[in-house]
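Thank you all for coming. I would like to take a few minutes to walk through one structure, going from its strands to its surface.

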Amino acid sequence: MGAATQGDEKRPEGGGYTATGPAADLVARLDAALEGEAYGDAFSRGRYATDASIYQIMPRAVVVPRTMADVEATLAIARAAGVPVLPRGGGTSQCGQTVNDAVVIDFTKHLNRILSVDTVNATAEVEPGLVLDHLNAALKQHGLWFPVDVSTASRATLGGMAANNSCGARSIRYGTMRDNVLGIDALLADGSRMDFGPVPQDLAGVNSPSPKHDLFRELLDLGQREAEEIKARFPDLMRRVGGYNIDALVPNGPANNLSHLLVGSEGTLAVSEKIKLQLAPLPKNKVLGICHFPSFYEAMDSARHLVTLGPTAVELIDRTMIELSRDIPLFRPIVDRFVRGEPEALLLVEFAEEDQDENLRRLQALGDMMAALGFRWGDPGKKDGGVVEAIDPDFQKQIFGVRAQGLNIMMSMKAEGKPVSFVEDCAVRLEDLADYTQRLTEIFHKHGTTGTWYAHASVGTLHVRPVLNLRLDNDVKAMRAIAEEAFEMVREYRGSHSGEHGDGIVRSEFHREMFGDRMVESFEWVKDRLDPDALLNPGKIVRPPKMDDRNLFRYPPDYKVPELRSVFDWAGYPGAGRGLQGAVEMCNNNGACRKIGDGVMCPSYRVTRNERDLVRGRANTLRLAISGQLGPEAMTADAMADTMKLCVSCKGCRRECPTGVDMAKMKIEVLAARAEKHGLSLRDRMVANLPRYAPWAARFAGLMNLRDRLPGAAKLSEILLGLSAERRLPLWHSEPYRPDPGENDAAEIILFADTFNRYFEPENLRAAETVLRRAGLKVGHALPENSTRPLCCGRTYLAAGLVEDAKAEMRRTIAAVKPVLERGGFVVGLEPSCLLTFRDEAPALLGDDWSAELGSRVLLFEEFIARKQEAGDFDLPLGSLAQNKALLHGHCHQKAFNAVTPVQQVLGKIPGLAVDLVESSCCGMAGAFGYQAETLEVSRAMGELSLLPAVRAADKDTIVVADGTSCRHQIADGSSREAVHVAVVLERASRAPESHELGMQ
């Protein structure tokens, strides 16, 4: 194996990492031959055992190739061993395409380059592991894009999209993947290379004799021989992706593009090495009309009329999706903005012509057509409905963002019954759409369930998922019956049973009923000709298993999670561990956490690109562990600790995961289990108990600060404690924050002094208290009963898994502040990770001692001020500063609780101050994480993703604002710039009008 680089999953032996049995020999051979990585342990294989389907199949091994030579070597070793191979991209397939009893090859980490871009001919050549969003980001500067815009664009790879024949929301304008692939260079199962592209019927220009000539001749002969059968059996629809594209072999013009046979083949015929794509001009102008309908049927019946206006997309959102979206904090404000009243269905109609005036004309025509169809608000002669217009590009992007998360929004149901993908991909003609959807709904009702609907009304492909609990035998039987009845109806309409998401396990068995015996025999001939030994992803498209074989399910008949002890009350979720089981099982594997663009989630993956260091990877590992599939001690194994090691508890997933997987809390569950079984290291005990010894340490601040002043002391601390010598520790302040006790009985607010600001940066607390008092507020302080030791939120104990100690600290604080809260006051503090503990973890830990309602009155300093300002109840004159620009970095927990906006609002009140928000993920310091020698480089890499470059690029007169203690230290270490808390900025601006030079470099 080649030398490790940052992000490579190099692991010690033992603790769940060792491959055993035949897998050990296979992995040893792979390991010796590859420059990349090969894994055979159960933890690693388990992370690749599922995709976004209902299936789970444990792979034989996992390979993460660094080069195509690694892929060739893997094929050769697997071929010699008689072991199948499964090429895999983002692993978001909904039909089971990317799970198999095989060696999984993950192309996403290294084989993800743009090889060339031809701007004149609008083409690009890419490696199969390249993510669609990353390609389009690079193409934007050229005014181009790849227009097969699937909803999973933030993690869908071009190789996976080609294998699946993906389509996207705008296929009515741009077609499917097949329509936009020009050629594929591929590896065949026997190891030979072959380029697939346009060839004439006489194969002029193809060397003869040669294996390539022989193969292409036989393929074209099949197309000619079966042309009539293909015409009779394949539905005449754009959205027909079932089976192999053998219609690409039928004589049609001067040449046949044989790469189209590989498109949609789901990795069963060849392994893509290079894909040539047709690009399109990037639309410069768009408008969006959100058509509201009082009934679902009327929306479906109207789609055939709306498409006559020439839209680029017509997307459905049904009533269920609207309601579920409103339950997700990230989407609620967006939905409330574009949904008027209580419609039963929405159709999002987009126009994207080059001329914006033309788009606006069509938008007006859309409103007129809706009125002509009988829908207009406020018209007594018409039904309730009409068009909400979205002209602003950002507003349009937000709306389509909600639509793009359709599957994840549907899967946010917390009950054991979930919307299940198996008939979600049927396509019918638009004139049949209303009747089809009505009849399919009747089939659902017949079997005791309902369906949720969304997606591509423009082309007659609606994603519908009946709600079923596939742990129950009756529901599995209902799934089979619904599938058979639905596909029979689709045949009646001459529609397609597989319209976008592919075949995989869930639909392949129905090819015979849909296409006939002769067509299936042709599929099998193609498979056997290109892959005679069934090396490549067997059991997909041809010779498949039964779709309802429960032994292949994620939740097979013997799936069981025994009762386990959890530290949190996972209220609202079903299953063992007071709902921990249900919370873990919420991950549907759709992979939203693999995005690396906007938002916070998932900072560790953004650095390492390892499936292990991902919310999905961790959730899968937890599910396998609590269900006993990784051994009896899996929760406390070293492999589990390593799975959680790079999770910085940013809580990005709490807000951004559409199904609400809260990995920060789940990590605490693991830490608590390990602490109970194995105890803590000296370093972990020191960090955890910081609040208890801080009062005494502060008395000897000079001595405590010698670590970074005495030669060799820092290195010694690294040897003894694992604290990196390359990091300077926070400086103990010789004069910590010690407020006068005051009279709390009359206080409107309690200023909570956290350990970090109290002992390391007391100037922040002093500034905050000054600001609040200048505004005329009566400020009290949280003081302990019968103790001189200051109060604490318990955060450091939670970070070490010492939950009982954390609860004890929380209860001490609650006893001090509860009287003020119960009489309508507020607790206000500065450090996001501390304050927000009372709104997040505390209600789930303390039962009747604390409630979410009381927690809602614990506010960050800026949240409190923003509320008072909005209510017109905050009298604090602010003067201008010497600096006129501020660069703001939001703490991860502020982002998770939508608390960055208040900082912007408060700073925005300072005259003449322009506030620029850094679009950043986690800063990477994350408490002790950035100080640990073993995580130092990952910490730095997180900071370099966006935050530190933005700070360095800011001119020296820009105020850098960061409310998180860890964030300020990362900024100082990584940029040599000082960042300040918003309280300091406000205190300076609240002085009498004068120049307020902050003196920051």
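I will begin with the strand pairings and then turn to a group of charged residues. Please keep in mind throughout that this is a predicted model.

Let me start with strand S12, which covers residues 271-278 and pairs in the antiparallel sense with strand S6, residues 123-126, over four bridges. Within that pairing, Val126 has Ile275 in S12 as its bridge partner. S12 is also joined to strand S8, residues 181-187, and here six bridges link the two strands, which again run antiparallel.

Now to another sheet, an open one of seven strands, whose order is S17-S14-S16-S15-S19-S20-S18 and whose pairing is antiparallel. Strand S17, at 386-390, and strand S18, at 418-419, stand at the edges with a single partner strand each, so one side of each has no neighbour in the sheet. Elsewhere in that order, strand S15, residues 313-318, is joined to strand S16, residues 345-351, by six bridges, and the two run antiparallel. One of the pairs there is Asp318, whose bridge partner in S16 is Ala345.

Finally, the surface: which residues gather in a patch of negative charge there? They are Asp133, Asp598, Asp916 and Glu919. Of these, Asp133 lies in helix H4, which spans residues 132-139, and Asp133 counts as partly exposed because its relative accessibility is 36%, a value that falls between the 20% limit for buried and the 50% limit for exposed.

Notes. Residues numbered from 1 in each chain as written. Predicted model: local features only at pLDDT ≥ 70, side-chain atom pairs only at ≥ 80, totals over all residues. Heavy atoms only, no water. Patch = residues over 30% accessible without salt bridge, like charges linked within 9 Å, V, L, I, M, F, W, Y side chains within 5 Å. Areas by Shrake-Rupley, 256 points an atom, 1.4 Å probe, with all protein chains shown as cover. Salt bridge = Lys/Arg side-chain N within 4 Å of Asp/Glu carboxyl O. Lys, Arg positive; Asp, Glu negative; His and termini not counted. Charge placed at Lys NZ, Arg CZ, Asp CG, Glu CD. Buried < 20%, exposed > 50% of the residue type's maximum accessible area, 1.4 Å probe, protein only. Pairing = 2+ DSSP bridges.
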